[in-house]
Amino acid sequence: SDGFVAACGCTGDSTKYPTAAMSQMAYGSSTAFGPACGKCFNLTLLNTYTSDPPFIPNVVKSIVIKVTDLCPLSEAGWCDGTQTKKNPGNQYINFDLAYPSPAIPGDFFPSNESYYGYTDFGVWNVSYETVSCTNWNGWKNAAALGSVTNLGNESVCCPANPTGNPNDTCPSYSDDNRLPPNTATGASIARLLPIPITLVALFVIANLFGS
């Protein structure tokens, strides 16, 4: 997925670092950009969802991701949680990570092959903490920050480090379609690549230290 420009319109170089799609109701828009675009979260693995019994790792694994994409609402699926309805994992929010990816260490997801007979659990329960994007691995690479320039400011919005202030946080495209803050970076152009990717669903079961 290297170089892929997703719903927020973040630069292609952002995919060189950990990024994720967020379920629609948390993302804040049904298309294009939403208030979650550009936000950074520290995700901590808790246990697996689909294995029986659940696998609880004996090490703490966390990763800071930047939201760059939308996981659309559907009638049934990991991203179908709403304010009043949980997804099949009995959670409201879901993060989808593209994995395997050079941006995520190959040993990030723990496993116990001798017990389960496989190493890829696919779906994990996680806790999350909203953090400053200065903690994201891509922060020091200017080309990985902001949005592409050739799709028009009305179509993209990817703040480098949104705080919730209207001056640095995206509106909801589907709610009011008003122009977002200009977050374009000069050297960035769109490169739309329909590359098949494997998504690792990460359920949120706890919100630590804020929203």
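1. Ala32 sits in the loop between α1 and β2 (helices are DSSP runs of H or I with at least four residues, strands runs of E with at least two, numbered from the N terminus). Its phi is positive, about 50 degrees, although Ala32 is not a glycine. Ala32 is also buried, with a relative accessible area of 18% (buried means under 20%, exposed over 50%, partly exposed in between, using a 1.4 Å probe and protein chains only). For context, most residues other than glycine have a negative phi, and most peptide bonds are trans.

2. Ground rules before going on. This is a predicted model, so local features need pLDDT of at least 70 and side-chain atom pairs count only at pLDDT 80 or more, while totals for chains, interfaces and linings use all residues. Residues are numbered from 1 along each chain as its sequence is written, and side-chain values use heavy atoms, with hydrogens and water left out.

3. Two other backbone spots deserve a look. Asn90 has a positive phi near 65 degrees, and it is not a glycine either. Asn90 belongs to the loop between β3 and β4 and is partly exposed, at 48% relative accessible area. Then there is the peptide bond from Asp52 to Pro53, which is cis with omega near 0 degrees. Pro53 is found in the loop between β2 and β3.

4. Now the disulfides: how many are there by the distance rule? The count is five, where a disulfide is a pair of cysteine sulfur atoms within 2.5 Å. Counting bonded cysteines along the chain, the pattern reads 1-3, 2-9, 4-7, 5-6, 8-10.

5. Because Cys8 lies in the segment before β1 (19-23) and Cys37 in the loop between α1 (24-27) and β2 (40-48), the pair ties together parts 29 residues apart in sequence. Relative accessible area is 0% for Cys8, which is buried, and the value for Cys37, also buried, is 0%.

6. Cys10 pairs with Cys158, again with S to S at 2.0 Å. The torsion is 90 degrees about the S-S bond, and the link is right-handed. Cys10 lies in the segment before β1 and Cys158 in the loop between β5 (123-131) and α3 (173-176), so parts 148 residues apart in sequence are tied together. Both cysteines of this pair are buried.

7. Cys71 is joined to Cys79, S to S 2.0 Å. Here the torsion is about 100 degrees, so the disulfide of Cys71 and Cys79 is right-handed. Cys71 counts as buried at 12% relative accessibility, as does Cys79 at 4%.

8. Asp80 is in the loop between β3 and β4 and is buried, at 4% relative accessibility.

9. Which residues touch the most other members of the largest nonpolar core? Among its 31 residues, they are Tyr27, Phe41, Ile65, Val67 and Phe95. At least two residues of this core come from each of β1, β2, β3 (62-71), β4 (93-98) and β5, and β3 supplies the largest share, four residues. A second, separate core has eight residues, including Val131, Cys133, Trp136 and Leu145. (A nonpolar core is a set of buried Ala, Val, Leu, Ile, Met, Phe, Trp, Tyr and Cys residues joined through side-chain atoms within 4.5 Å.)

10. Searching the whole structure turns up one cavity of 30 Å³ or more (on a 1 Å grid over the protein atoms alone, a set of points where a 1.4 Å probe fits but cannot get out; lining residues have an atom within 4 Å of a point). The largest cavity holds about 60 Å³, a volume being the space filled by probe spheres set on the points, which are joined across faces, edges and corners. Its lining has 10 residues, with Tyr17, Thr19, Ala98, Ser101 and Ala103 nearest the centre. By class, six lining residues are nonpolar, four are polar and none is charged (Ala, Val, Leu, Ile, Met, Phe, Trp, Tyr, Cys and Pro count as nonpolar, Asp, Glu, Lys and Arg as charged, and the others, Gly among them, as polar).

Technical notes
1 Å grid on protein atoms, 1.4 Å probe; cavity = no way out; pocket = protein on both sides within 12 Å on 5 of 7 lines; lining within 4 Å.
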